[in-house]
Amino acid sequence: MRRRLWSVLAVVLAVLWAFPVYWMINSSLLPYNKIRNPEPTFFPTGETEAYGRVFDGGFFEALRLSAIVTLITVGVALLFAFLAALAVSRFRFRGRRSFVYLVLVIQMIPAEGLFISQYKMLEGWELLNSIAGLSLLYIATVVPFTVWLLRGFVEGVPRELEEAALVDGCTRTQAFFRITLPLLAPGLAAGGVYAFLQAWNEFALALVVMGRPENKTLPVWLRTFTEANRVSDWAGIMAGSVLIAVPVIIFFLLVQRRMTAGLVSGAVKG
Amino acid sequence: MHALRGRSLPYALLVPAVVVLLAALGYPLVRQAVMSFQEYGLAQQFGRPPEWVGLDNYERLVTDSYLWTVVLRSILFCLVVAVVTMVLGTALAVLMTAIGKPARLTLQIALLLAWAMPHLASLTVWQWLFDAQYGVINWVLTGLGLEQFAGHSWLINPLSFFIVAGVVVTWMSVPFVAFSVYAGLTQVPSDLHEAAEIDGASARQRFWRITVPLIRPVLLIVGLLQIIWDLKVFTQIFVLQDAGGITRETNLIGTYIYRLGIGEGQFGLAAAASWFVLLLTVGLSLFYVRHVVREEEV
């Protein structure tokens, strides 16, 4: 009896917690007259024209920019972090511990503590409003946690496996590509998704560094789109939010477990 | 030759990562230090060389009562939100252990959805929920008989602005706490509880005497992360300020620095103010890092 009461409470809380997400989807599928009505409509009528208004509202330009920056960030950060993780977990060298310490401390640096001088730096290098500039900042944001994450995975691949391959006549390079790399695939996937989420969702740096109106990443675009349409078109705004959120939710659900473990034992920037 | 290569190889592998970190974080850090000792305002934006002013920027900030208001406001907001998040998250985690699998899965999926939402999308949805005219929250409150909420604007009054911001930040942060604490709770051996039950301990006693001490490390680390994250909320405040139109009464450290630097072009002052955020968060992080390093053999 008691247990059942708790279960009911849990379901009620679940509904409350998921409600904003549901409301986003629901509102995106409603026509004007249902949205602009003091009496809310709780189930979608299936109008999809709000999405059309989003596509006309500069969504694709922002998508293009976000996709490019995200791709660069994921690729470069993953490569650099992987090399560093190899060094840290496969070699014993002077300065190794300090590097690991540094990686952990660095990733706690908040964007808000540094974005003024990062702005001035990019301005000096004439990289303001450029894909290269924003990507550089994102890569540096993502690399530390990715090193930490991959370090765990590299250590999980037993050295004996590589050595056995060497005994069997593989070269070191062959052993690496045939044995170690496939075993690291899940780690690289997790690191890649982490980098994707960071670059796709980031707002503060994109706002500071990409000041020009035609140069918006998706989150910054959503903000201006909301400002422009808040009075008239909440359905359109919600449709924009859905389009940004859906890929993120899918990827997030894929790696959530691994990232939570990494968060508590490693570190991550929120 | 081979030995030499072997010895320098790890350093070579570190080079790309180190170069990126130095360029994008190390150099701005130095630049920030330099700039904070300079008069670096609009005149410098138009080409006048920056002037060395020693500690002037810091002096101006420290003697400006507005900075202290902002700092105190940030700390207060951070503490309230962090405490509420921890209590709610832990309560949800305990609840998950007390219910059957279907209910637990339902709750977990709901929490995951909230957690996965990009911040900007969440903020946008919450603005819609709190919308004065057509928002569901006002509709529900009016329906409950609270007539004063008909057409109520939440974001134009500082106190209710921070209530909205607090609700949004809590909603986003509780899932992480709930999942981490739940993971800790599932590690608590059940025979301990059974033994205590046989000895006549009540459910409450068992919770405070057995469960809490055992999950203390998780609570500490998650709580610390919450404080660090809540101290530097920028996006949430910034976007809600946009929507509500009041900034001076609602600035926290992050938005204050942004408006000082990017908004007013007072880069020297903003650089000096940035050190507050930086030292505060990095200082708190050192505890965290020490803990992590102790837990994981590095």
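## Polar links between the chains

Across the interface of chain A and chain B there are 10 residue pairs in polar contact, with both partners at pLDDT 80 or more. Keep in mind that this is a predicted model. On the side of chain A that touches chain B, helix 1 gives the largest share, with 16 residues. Other elements that give two or more residues to this side include helix 4 (59-90), helix 7 (131-156) and helix 12 (234-265) of chain A. Sorted by class, this side of chain A has 66 nonpolar, 14 polar and 14 charged residues.

How many salt bridges cross the interface of chain A and chain B? The rule finds 1. A:Arg223 pairs with B:Asp242, and their closest N and O atoms are 2.5 Å apart.

## Extent of the interface

Chain A brings 94 residues to the contact and chain B brings 92. About 8500 Å² is buried between the two chains, and carbon and sulfur atoms give 78% of that area. In chain A, the residues that lose the most area to chain B are A:Trp17, A:Met108 and A:Ile116, which together make up 10% of what that side buries.

## A cavity lined by both chains

Let's turn to the cavities.

Helix 1 (2-28) and helix 2 (32-35) of chain A each supply at least two lining residues, and helix 1 has the largest share, with 3. By class, the lining of this second largest cavity has 6 nonpolar, 4 polar and 1 charged residues.

Notes
Residues numbered from 1 in each chain as written. Chains lettered and ligands numbered in written order. Predicted model: local features only at pLDDT ≥ 70, side-chain atom pairs only at ≥ 80, totals over all residues. Heavy atoms only, no water. Helix = DSSP H or I, 4+ residues; strand = E, 2+ residues; numbered from the N terminus. Nonpolar A, V, L, I, M, F, W, Y, C, P; charged D, E, K, R; others polar. Contact = heavy atoms within 4.5 Å. Buried area = accessible area lost by both parts, 1.4 Å probe. Salt bridge = Lys/Arg side-chain N within 4 Å of Asp/Glu carboxyl O. Polar contact = N/O pair within 3.5 Å; in protein donor to acceptor, adjacent residues only side chain to side chain.
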